Amino acid sequence: MMKHVALLWSQWSWVCIMVGWCMTVNVVEAAKSAASSSRELEKPFWVSHLQVGDSFTIPMSPVTLLIVLGSAVYLWRGFHKSSTATASHILMDDEIELKRIQQQVGQDQKKFAAAAEQYSTCPSGKQAGGNLGQFKQGSMAPPFDQAVFSRHTQVGTVVGPIQTSFGWHLIFLHERDEQRQLVVN
C-alpha cells in the first residue's frame, strides 16, 4: 500500500511541475499576443517572467519556480530517506552450530529470543534476547544490512547464517520500513 502511495505522490509532483510550466507558457503566449510592439503589457510580479539583469529573462514565473523547487525538494527528500528496521540476532563463531540452532528455532520468535540468551556471544544477546532495536540502513556490517534490507527477506522470518567480520549471525526481522523498498532494491 505504501509503495503505491509513494509512487502516486511522486507522479502527482511531476503533474504539478508540468501544470506550472504550462501555465507559465500560456501566460507568456497570451502576453506576447496582447502586447503591442510599442508597449509591454503590465503583469503582476507573481505571473511575470523572472528578469536577471538587463539582458537575461527566465521564462518562468515566481509561482512556477516555487512549485518546481518545492517538488524537487520533496522528491529528493523522499528518495534519500534512510530505511529503518528492527531485528534480533544470534552471534556465534561456528556456522554449523548456528545452523543447528536455526533448525531448533524455526520461525518462532520466542524460541529465537531464548536461543539468543543462551547461545549468542554478543552482549545484546544476553540482555534482551538478541534484540538490536531499531537501526538505519547502513549502520550495520554490509552483509548484515543486505540481509535485513533485501526485498526478498520477509518480516517475521529468520535469515541466515550470515557471515560478517564479527562472526556468524542468525537474524530475526521484526519490522522494516517498507516505504523505501522501491529505491533500496
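Is phenylalanine 149 buried or exposed? Phenylalanine 149 is buried, with a relative accessible area of 2% (buried means under 20% relative accessible area, exposed over 50%, partly exposed in between, with a 1.4 Å probe and protein chains only). The views below come from a predicted model, in which local features need pLDDT of at least 70, side-chain atom pairs count only at pLDDT 80 or more, and totals for chains, interfaces and linings use all residues. Residues are numbered from 1 along each chain as its sequence is written, and side-chain values use heavy atoms, with hydrogens and water left out.

**View 1. Phe112 and Phe172 form a tilted pair.** A search of the whole structure finds three aromatic pairs (rings of Phe, Tyr and Trp, the latter by its six-membered ring, pair if their centres lie within 6.5 Å; planes under 30 degrees apart count as stacked, over 60 as edge-to-face and the rest as tilted). Here the ring centres of Phe112 and Phe172 are 5.8 Å apart, with the planes at 40°. Phe112 belongs to helix H4 (residues 109-119) and Phe172 to strand E6 (residues 167-176), so the pair ties together parts that are 60 residues apart in sequence (helices, H or I with at least four residues, and strands, E with at least two, are DSSP runs numbered from the N terminus). Phe112 is buried at 2% relative accessible area, and Phe172 is buried at 3%.

**View 2. Phe135 and Phe149 meet edge-to-face.** The centres of these two rings, Phe135 and Phe149, lie 6.2 Å apart and their planes are at 85°. Phe135 sits in strand E4 (residues 131-136) and Phe149 in helix H6 (residues 142-149). Phe135 is buried, with a relative accessible area of 7%. Together, Phe135, Phe144 and Phe149 make up one aromatic cluster.

**View 3. Helix H4 has buried residues along one face.** The buried residues of H4 are Phe112, Ala115 and Ala116. Seen down the axis of H4, they fall within an arc of 105°, so they line one face of the helix (the arc is that of the directions from the helix axis to the C-beta atoms). On the other side of H4, Lys110 and Gln118 are exposed.

**View 4. Four strands make an open antiparallel sheet.** The strand order is E4-E3-E6-E5 (two strands pair if DSSP finds at least two bridges between them). E4 and strand E5 (158-164) stand at the edges, each with a single partner strand, so one side of each lacks a neighbour in the sheet. Five bridges join strand E3 (residues 84-92) to E4, and Ser88 stands opposite Asn131 in E4.
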